[in-house]
Amino acid sequence: MRSPQPHALRNGGDNRSPSHHPRFHSTVAEHKLRRFNSLILVFRLTSFSFSLASSVFMLTNTRGSDSPRWYHYDTFRFVLAANAIVAFYSMFEMGASVWEISRGATLFPEVLQVWFDFGHDQVFAYLLLSTSAAGTSMARTLRGTDTCIANNAFCIQSDIAIALGYAAFLFLGFTSLLTGFRVVCFIINGSRFHL
């Protein structure tokens, strides 16, 4: 490293370092951050897959003209809508995760991105849990009526859609834990990942 030239100091030059130092990131820390973000991406992809599959299973749950349809039941409409919303949200967040992994920066300003991810993961995880629980209650009620005796395929496909919603909740819950870790790291260190 070269020392400042003596004539620069005599002529009013400044030998102090700048007041804002860029944060040092080692390659090991960058690799850990990329691996952590990749894990979040995998959980988001899995949650997207399960919620999309649940929506498709519920949407295609129609048999014949005399069989019951999913839109005849408010609870099953709720299951379809919630899983479709979570699939859309997960798709957006997958794009944001890919952006963060490829560019090394968040889509929004870091403080906003950290709280946005954690808050929405929490809200949508609880939404999935409540819709799946309501769907389970309705499916159990239908099992006790003639609906499932006359058309068992409708009830089985409804059960599959609800189970896929529970799986989407599980992986969105895992994602919520990881984004919660990022919030805590941001509060403690001022960065979304403890380096």
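Colleague: Is I187 buried or exposed?
Modeller: I187 counts as exposed, at 58% relative accessibility. Keep in mind that this is a predicted model.

Colleague: Which helix is I187 in?
Modeller: I187 is found in helix α6.

Colleague: Now salt bridges. How many are there in the whole structure?
Modeller: A search finds six.

Colleague: What does R44 pair with?
Modeller: The R44 side chain meets that of E93 in a salt bridge, 3.7 Å from N to O. E93 lies in helix α3 and R44 in helix α2 (residues 27–59), so the pair ties together parts that are 49 residues apart in sequence.

Colleague: Are those two buried or exposed?
Modeller: E93 counts as buried because its relative accessibility is 1%. R44 counts as buried too, at 2%.

Colleague: Which residues are linked with R44 in a network of salt bridges?
Modeller: E93 and D121 are linked with R44 in that network.

Colleague: And what does R182 meet?
Modeller: R182 and E100 form a salt bridge through their side chains, 3.4 Å from N to O. This pair links helix α6, which holds R182, to helix α3, which holds E100, across 82 residues. Both R182 and E100 are buried.

Colleague: How about D159?
Modeller: D159 and R143 meet in a salt bridge at 2.4 Å, N to O. Here D159 is in helix α6 and R143 in helix α4, so parts 16 residues apart in sequence are tied together. D159 is partly exposed at 29% relative accessible area, and R143 is partly exposed at 38%.

Colleague: Back inside. Which residues touch the most other members of the largest nonpolar core?
Modeller: M58, Y73, F76, L142 and F154, out of 14 residues in that core. Helices α3, α4 (110–143) and α6 (152–189) each give two or more residues to this core. The largest share, four residues, comes from α6.

Colleague: What is Y73 in contact with, beyond its sequence neighbours within four places?
Modeller: Y73 is in contact with P68, M138, L142, T147 and F154.

Colleague: Last one. Which residues does UniProt list for "transmembrane region"?
Modeller: The unreviewed UniProt entry lists 41–60, 80–102 and 162–188. In the model, residues 162–188 are 100% helix, with end C-alpha atoms 39 Å apart. Residues 41–60 are 95% helix, with end C-alpha atoms 28 Å apart.

Definitions and conventions: Residues are numbered from 1 along each chain as its sequence is written. This is a predicted model: local features need pLDDT of at least 70, side-chain atom pairs count only at pLDDT 80 or more; totals for chains, interfaces and linings use all residues. Side-chain values use heavy atoms; hydrogens and water are left out. UniProt positions are given in the numbering used here, feature names are shortened, and annotations may be inferred rather than shown by experiment. A nonpolar core is a set of buried Ala, Val, Leu, Ile, Met, Phe, Trp, Tyr and Cys residues joined through side-chain atoms within 4.5 Å. Buried means under 20% relative accessible area, exposed over 50%, partly exposed in between (1.4 Å probe, protein chains only). Contact means heavy atoms within 4.5 Å. A salt bridge is a side-chain nitrogen of Lys or Arg within 4 Å of a carboxyl oxygen of Asp or Glu.
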